[in-house]
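Here are a few friendly notes to go with the model you are about to open.

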Amino acid sequence: FKENEFKKCAQTSFCSRNRNMQQGANFDIVPGSIVLNTATLTATLLNKGFDKHLQLTVTSHSDGFIRVLVDELPDVGRYQVPSDVLVSGWETKKLAFKEESRTSSAITLSGGETKLVLNFQPFSLAISVKGVPALQINSRNLFNFEHRRPKQENDPAGFWEETWMGHTDSKPKGPEAISLDLVFPGFQHVYGIPERATSLSLRSTNGAAPYGEPYRLYNLDVFEYLDDHPFGLYGSIPVMLAHKKGLTVGVFWLNAAEMFVDVVKGRSEVGTQWIAESGILDLFVFTGGSAPAVLSSYARVAGTTALPQLFSLGYHQCRWNYKDEEDVKEVDGGFDSHEIPYDVLWLDIEHTNGKRYLTWDSSLFPSPVAMQEDLASRGRQMVTIVDPHVKRDSGYYIFSEAEKAGHFVKNKHGSDFDGWCWPGSSSYLDVTSPAVREWWAQQFTLDKYQGSTKHLYIWNDMNEPSVFNGPEITMQKDNLHYGNVEHRDNHNLYGIYYHMGTAEGLKLRGSQVDPENGDRPFVLSRAFFSGTQRVGPIWTGDNAAQWSHLKVSVPMLLTLGLTGLPYSGADVGGFFGNPDAELMTRWYQLGIYYPFFRGHAHLETQRREPWLFGPETTARIRTAIRGRYTLLPYIYTLFRFANTSGLPILRPLWYEFPENEDLFAVEEEFMAGPAILVKPIVAPGVSSVDVTLPVGARWYDALSGAAVPARSRSQRVTLDSIPVYYRGGNILPLRERPRRSTAAQLADPYTLVVALDDKGEATGSLYVDDGRSFAFQRGQYLHRDFTMKSLKLSSSKHVEPGVPSGALTVPTTIERVVFLGLPASKRGYKALIGAKHAVPLEPGPLTMLAPQYENALVLRKPGLPVSHDWEVEIVAL
Amino acid sequence: QTDNLRGVNPDLASHYSGKGGAFTCISGIPKTIPFSRVNDDYCDCPDGSDEPGTSACHNGRFYCRNLGHESRLLASAFVDDGVCDCCDGADEPKGKCQNTCLQAAAVRKEELRGKIQLHEHMLNRKKEYTTKASTFKEELKLKAETIDEDIARQQAEIDNLKGEVTRLEAEEAARQAEIAAANQAAEEARKAEAEAQAEQAASLQGEEAASSMDFKADEGEHAEGQAQQEEREETPEERGRRIASQWTNDPEAAAVPESEGHLNPDDQEEDVDGHYDGTEDDGTEGHFDYPNTEAQSSDYHPDHARRPPRPDPYSPLNKARAAVMEAERKLQGLQKDKENIGTFLHRPLDLGPDDIFLALANKCFTSYQTRWTYEICMFDKAVQKEGYTNSVVVGRWYGFSDDYRTMYFTGGDECWNVGPRSMTVALSCGWDERLSDGEEPSTCAYAAKLTTPAVCTEAELHELQQQLENLEAFEKEVQEKILKDEL
């Protein structure tokens, strides 16, 4: 991390002039201007210092949120994030305000369980949920809204120009910054505002270095980022959650400009100040009350996670670079000969002809189609990298077409921007333009992308955008985009738009290959913004082969889950440097729980395919990766819930145990869905660890099946596994046959693990579809609910409001039902299947991988059809 | 009964007799199950032995007979997974896979025939090596008789030629001095003229103003020049390259302009310059290439493309200088001969059976890896190079072991906390000398592989011939079987 390559708040004029300044009570509501029209309140907000009138709009939406807008008059033309970044449909769904009271100094409104008090002089807005204070806007009078003004000769505050490290930023529109003052009363913990390598519960930013700097949201390519730092990385989601006993509240400032966020924790509240360089104030306050409700509401606005193709939830093997076709063949063969499952082999930038994306180095990859077909014959896919910088070479078709059509971002003088990246001198596609995205999407059809097949998917890197010779390794802020928009206004959108254009390309290709059932796109991105979840997964960029990077991957991914982008992962093994066998082992053991699970390595690292660390390590990694494939039915079902309701895959403990204050800052362990607690080992030479198993639940060791008491305990560990527990009350669908890929698992039977809670009950579900196409949207899916109650296990159709009912049936059956926590019975149990057929339960292992433990009771070969209703009654003998 | 059981390994067939209606798991935790549970698509045995023919056990093994080719034990996971793994297709439901054993055998046969042919050629080359080695040794012995006299004679010859050069240089210097004196006189005259003109101009414009202006201008230029030298701003391209180079030292990955690139043709030349400077310094190998094998040479051949323009080569002085250089080259050759005599005749150096490795004497081989280049010089040293300037000696010649299958270089440069560096080079039979896979498997202990015909053996050839015979026998057996079935 070269700190001096990047700006601090004090070196950034808009931040330094707004941070922690005593703005004073400069903003008042003009009481006579208030108009309440059912769900919308409008008023004039007066900037007293300048006698400047602004528009305030507060709207109540029925999807569980309040929206607060402040802008200058519309004809000023301040930048607003385009609607295609979000989803539509929510704007018109409103919930009428009820006017509770109005005085000369305040108006009180209510909508559902939410109450708002708008104070006029000075302006402030207090929001409470179910009578509990949730949020105060401008209670500290740090709110500021810089309006446009005529240029002045004297410019000490950097309103019209600033220079940093030789780069001069001309600011023809003058000052446009906004400071937002948000206080969370009665809270001690706030979460969110990725992406950065830091703690889950955000620390105060008024502490010792580096935590004296505000958190920054400005998508940047940060070389060798540190593992504990407030500095912003490749993506930005301006969403924050605050949680206390009894209430979770969320805020989302829809703004794509550079943003800084200060967090200051007081004894009885968390104060935050948000400063954006331009745009408008467009704040969503999610008032559903719980974390799942907040995330569901946010998903109504920003969208849910696109349901990934099943293959993309398998293991991905990547390296910068698999050298040639021979290398690809050997690595692919290595997985089979070591009996390690994997689904996707990746090619980094060296596969191209001189970093001209969508081309091949024909000496290294003379027959890419045959190579991909060969992988596909074993159910595997390939991914190639495609980056947004386009080599300035008139002999390169992408460049010449794009140049002719005027598809590149312009510099401030209006000519094609020329920046330096991997291929040298490059121009950058202006993907903020819908027309450019449409053209870009067409480049991925099979006839256009030479050497591609339908088994080829895409990886978008460097889309912050990374510009090696630009300020802070990105583009100049006075560059110009479609619609004459300055780069400063939409910087944080470049990544998502490029990602969108590419994903549209694969969708287009899919619909050409199979007009009925074209496949779902798979495009990995590094940069992201709110809404990226609808497009594809992201990874946490260029981490390092260090224990500290293994450790910080957990809070990083938990934070992404809490901000609506759960499909994410960190490079297993660490990108830079050479991991030893122990680090590699621990990383795979954790990595199998990453929603996106990929091993990756830098060009100059030693080879590290899973079998290169000696037979013992190979065996451990094999066991870990096979464990991932075992869990896939459970994981895919979690993704379905992420897809319908915006729920995260990985969850902090407090998400599942929201009343237990001791857990609010825990990031050393986490939940994978509602049923699995994972305690990663993030240090070398560990022989025992302290594990907290939250009270109020029953826990089972996921290897031995033994019941484990709920409390903090010291757990002995070996290199063979990390501590993982099933939470009583859950039924997990698994597939225990270690196939070579997800495709090869397709016809395999399931195992159900029924982990009972204290009442002897459990629930769970299983989602199944073709794993690849959009047919599920037309109801071609199967979703079952499993319930265990009063010793009766039953399967019924899963019904979810607003989701079309599933019509798919599959011939698959359940081969094993594993019961954990049945009360002791002297003579054992039998199972009555369909009330007639009686089968004794046999003592057996929870998992075939650990046959030495027989702590479960197993129903052998019940032959239960997955697609139909059934009931199994357990009877004590 | 075993015949009907899918996937059973014939070596373990006795376990699957079904006697007493029970099956006992073959290894691991003792467990006996009803025989009806064998191959019932449910895993009962912890060792997976009850399901040889299904995919139910994570650790089971499926036996492919692969008649006509080679039998194989397949992971149970690959049974009934939609991929044809066994060439007889037994791992998938009937009708799913074609029997490709005969084709596979045919391919294998062709492969083996090719290998046999190649191996025969390689053994011939090995013989040539032996001949070359003995010729080389004989030549050395011959040279050894007179080498000291030859060197002394050559040294005398050089002294003689140098004397001639000195004489010619003195003549040349005298001539140059004359010319210089004439030039200086002319210059002084010109200066006097100019001063007279300047005085005239000053008296017209006012002396002070003019000189202060000159001073200012001088100062300005000076300051600017200094700033440019000390904190000259990077050009955008320099910055781009610097940031790119953070990620990698690999010039391929960091946007080197290609020859057709329109970006910066100059840069490439600069690169090339740096390149040559680095290698010329230690580039004596290749000049004395005894004996001259026609083996692929992976040595670096510097291309003397950019030499300064030379003065008239036909002047007596330059001719004399050229003669000195020629004589010195000859002397170097003789000295190298002497060194070779010392190394290969007088030292107790293990040169392999029939001194065969003498055929590689004085040869160096290079393996280009992503970041580092490894170079080994036979009977001398092994070096790891990074870029064109940094190099580390990773070992000096130690000798062979493993029946000439490994070469050792030891006692290289010190490695922090580890001791001297060392390198092993694994030798294997190949058409020519190719160094590959240079790497550092553990800290400061390096490894690479070298192919050479010098280690090819008759036994390897016989092994290949045996494999071919076996395969042909198999094939015949299967064809007969097919014929019978058809009849």
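In which sense do E4(A) and strand E5 of chain A pair, and over how many bridges?

1. This is a predicted model. In it, E4(A) and strand E5 (residues 65-71) are paired in the antiparallel sense, over seven bridges. A:Ser60 is a handy place to look, as it stands opposite A:Ile66 in E5(A). Three residues lie between the strands of this hairpin, and A:Gly64 has a positive phi near 95 degrees.

2. On to the other partner. Strand E3 (residues 40-47) of chain A also runs antiparallel to E4(A), joined by eight bridges. Here A:Thr44 faces A:Gln55 as its opposite number in E4(A). The hairpin of E3(A) and E4(A) has four residues between the strands, with A:Asp51 in the turn at a positive phi of about 55 degrees.

3. Strand E4 (residues 52-61) itself is mostly covered, with seven of its ten residues buried.

4. Now the whole chain. Chain A holds twelve helices and 53 strands. Its radius of gyration is 28 Å, which agrees with the value near 29 Å for a compact globule, because that is what the rule gives for 877 residues. The C-alpha atoms fill a box of roughly 90 × 70 × 55 Å along the principal axes.

5. Of the 877 residues in chain A, 66% are buried. Among contacts with a separation of 6 or more, 71% involve residues 24 or more positions apart.

6. The 86 positive and 97 negative charges have mean positions 5 Å apart.

How values were computed. Residues numbered from 1 in each chain as written. Chains lettered and ligands numbered in written order. Predicted model: local features only at pLDDT ≥ 70, side-chain atom pairs only at ≥ 80, totals over all residues. Heavy atoms only, no water. Helix = DSSP H or I, 4+ residues; strand = E, 2+ residues; numbered from the N terminus. Rg over C-alpha atoms; globule rule 2.2 N^0.38 Å. Buried < 20%, exposed > 50% of the residue type's maximum accessible area, 1.4 Å probe, protein only. Contact = heavy atoms within 4.5 Å. Lys, Arg positive; Asp, Glu negative; His and termini not counted. Charge placed at Lys NZ, Arg CZ, Asp CG, Glu CD. Pairing = 2+ DSSP bridges.
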